[in-house]
Amino acid sequence: MFTLLREDVDCVFQRDPAARSRFEVITTYPGVHAILIQRLAHRLWHAGLRYPARLLSWLARLFTNIDIHPGATLGRRFFIDHGAGVVIGETAEIGNDVTLYHGVTLGGTTWNKGKRHPTLGDGVVIGAGAKILGAITLGDRVRVGANSVVVKDVPADRTVVGIPGKVVNRLAPVDGHGINLDHHLIPDPVGKAIACLMERIEVLEGRLREHGEPVQGECSVCDADDLCGATYKKMKKG
């Protein structure tokens, strides 16, 4: 137990540049408090002491604003940054070296008993406000963009964004700590699709002009023609 706690504290210094000392982390980090209490509650839960485990979990939520069911399985070096509003369900399984930001939910989509919460592989990073729902699996080193909603399995080494979550690219090389925390560096699939459509329209209009067909230069649908043109040029340069 103390080994797990020491690892949970040490990993904070790798993923939070604001951490200055172990004493500060142990006494002021609600994510560390919630994980420590959950590890204790988890042992009570599997020892058949269900009510004491739930009571301990409730106290942890009261003081940390982090709700982790005592039945959830947490891996080593688990880090919850800030932590406010994090919810982890009973049958959730979290691998090693996982990082969650505030507002993350690992929730269920059914009232049936049994496995109904997500499984996270090793090195997963989930951005603020993201929701991972159902008995799905996120492979090792998956990154989930902020406020995304993931409802399907995701293979290892992928980045997921959007509602519902869509895989947009493979994971970039990890940083010196072995965990890629740049979950904000994500592509814009909708913007890319719009840029492709605008480029296609420009090609088609060019062909119409070549055949002598009149082409209206300004948009007749709305008054955002200048904005669309500027957006297209910006995307094309990028």
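The legends below describe close-up views of a predicted model. Residues are numbered from 1 along each chain as its sequence is written, and side-chain values use heavy atoms, with hydrogens and water left out. Local features need pLDDT of at least 70 and side-chain atom pairs count only at pLDDT 80 or more, whereas totals for chains, interfaces and linings use all residues.

**View 1. The chain as a whole contains six helices and 14 strands.** Helices (H or I, at least four residues) and strands (E, at least two) are DSSP runs, numbered from the N terminus. Of the 238 residues, 39% are buried, that is, under 20% relative accessible area with a 1.4 Å probe, counting protein chains only.

**View 2. Helix H3 covers residues 30-46.** Its 17 residues reach 24 Å from the first C-alpha to the last, close to the 24 Å expected at 1.5 Å a residue; the expected span is 1.5 Å times one less than the number of residues. Just after H3, Gly48 takes a positive phi of about 90°.

**View 3. The buried side of the picture for H3 includes Val32, Ile35 and Trp45.** Gly31, Ala34, Gln38, Arg39, Ala41 and His42 are also buried in this helix. The buried residues of H3 pack against helices H1 (2-15), H2 (22-28) and H4 (50-64), and against strands S1 (67-68) and S2 (79-80); contact means heavy atoms within 4.5 Å.

**View 4. Strands S13 (residues 158-161) and S14 (residues 166-170) form an antiparallel pair with four bridges.** Two strands pair if DSSP finds at least two bridges between them. Arg158 has Arg170 of S14 as its bridge partner. Four residues lie between the strands of this hairpin, where Gly162 takes a positive phi near 100°.

Definitions and conventions
Buried < 20%, exposed > 50% of the residue type's maximum accessible area, 1.4 Å probe, protein only.
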